[in-house]
Amino acid sequence: MQRKKPMQKDLRSFIKQMELQGPDEWIRIKKKVSPKYEATAILFKLEGQAKYPAVYFEQLDGFSIPAIANVHATRKRLALALDVEEGELVEEYKKRENARISPESVREGPVKEVIHVGTDVDLNRLPLFTHFDINTAPYVTAGIVVARDPLSQVRNLSFNRGMLVGKNRLHMHLAPGMHLSRCYRNAEERDEPLEIAIILGVHPAFSIGALALVPFDVDEYDVVGGMLREPVPLVKCEIVDLEVPANAEIVLEGKILPHVREDEGPFGEYSGHSVGVDKHHVVEITAITQRQSPIYQDVFTGHSEHRLMGAIPRESAIFKAVKTVAPGTRA
């Protein structure tokens, strides 16, 4: 008898795992909630009670798409994503960071079930959250940007916030000194836009793999494969020359324009404080592909989720640095 192929790890497979964990790790909000302030207020109230569950919003006012937030807000949940005990989380992360698995190309996948291109592209269909009253626009906060360096052709993955400014336009902050900024600089020096795709709705092992502090010449899909312990299935984009996870919920294809900077902010950062308005990069979205009934994913910025998802890769990097000068370090 032929063995059944195991289910690929994606956001939906992890939701099934969370549903078994009980209300400490997972709750579902059935009443209609506004993505402007109200969804955040629920997360605030839970946090005030020292509760950090992933929250699934079934109905968002004005939208047909449900959303999930706070997926990465506890160490227990991130350990669940790597199938280990909470106390083993960082050690397991360190192991998988170097146990890389190359992605595999596939011809199709769920993220291609619905395709919007040209004038049909409209970011206003997505329930982008407005977290705080300082925000002048909703933000994409859980978007993982994939880009290919124009010089080395190596692919890079990174989290970058995107401020909604039009139906096909975002203002994006590229952190100075990080790999995406280097990719963009290499394109801009040629007077070319940098093609990107923004991935929304993935397994949390994918998310923390995308945050790994690896050298610039490492294809970060290989790192994510190591975190998932399986190859990432990649499908070609519709417009841009990139590949994206076939089992993502939503993908925004586009380009970062060269020599253009416009106002972005204010934004509530991971420190819990707001950054002000500054000139940042401009993204034109040329296509949106998605599942038939997608789940939008949000990161609760400036709070436990935002801080913790970046902390695990940082702890791993700090351990490696300390062990280099103090080889006897064990933890």
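Here is a short tour of a predicted model, stop by stop.

Before you click, note that residues are numbered from 1 along each chain as its sequence is written. Local features here need pLDDT of at least 70 and side-chain atom pairs count only at pLDDT 80 or more, while totals for chains, interfaces and linings use all residues; side-chain values use heavy atoms, leaving out hydrogens and water.

Stop 1: Select β4 (104-105), β12 (233-236) and β13 (243-245). Strands are DSSP runs of E, at least two residues, numbered from the N terminus. These three make an open sheet in the order β4-β12-β13, with mixed pairing. At its edges sit β4 and β13, each pairing on one side only. Two strands pair if DSSP finds at least two bridges between them. β4 and β12 run parallel over two bridges; zoom in and you'll find S105 opposite L234.

Stop 2: Now pick I239, in the loop between β12 and β13.

**Stop 3: inside.** Select F57, L194, I196, I198, L252, I285 and Y296: of the 44 residues in the largest nonpolar core, these touch the most other members. Such a core is a set of buried Ala, Val, Leu, Ile, Met, Phe, Trp, Tyr and Cys residues joined through side-chain atoms within 4.5 Å. Apart from it lies another core, of 38 residues, including A79, V84, A210 and V244.

Terms used:
Helix = DSSP H or I, 4+ residues; strand = E, 2+ residues; numbered from the N terminus. Buried < 20%, exposed > 50% of the residue type's maximum accessible area, 1.4 Å probe, protein only.
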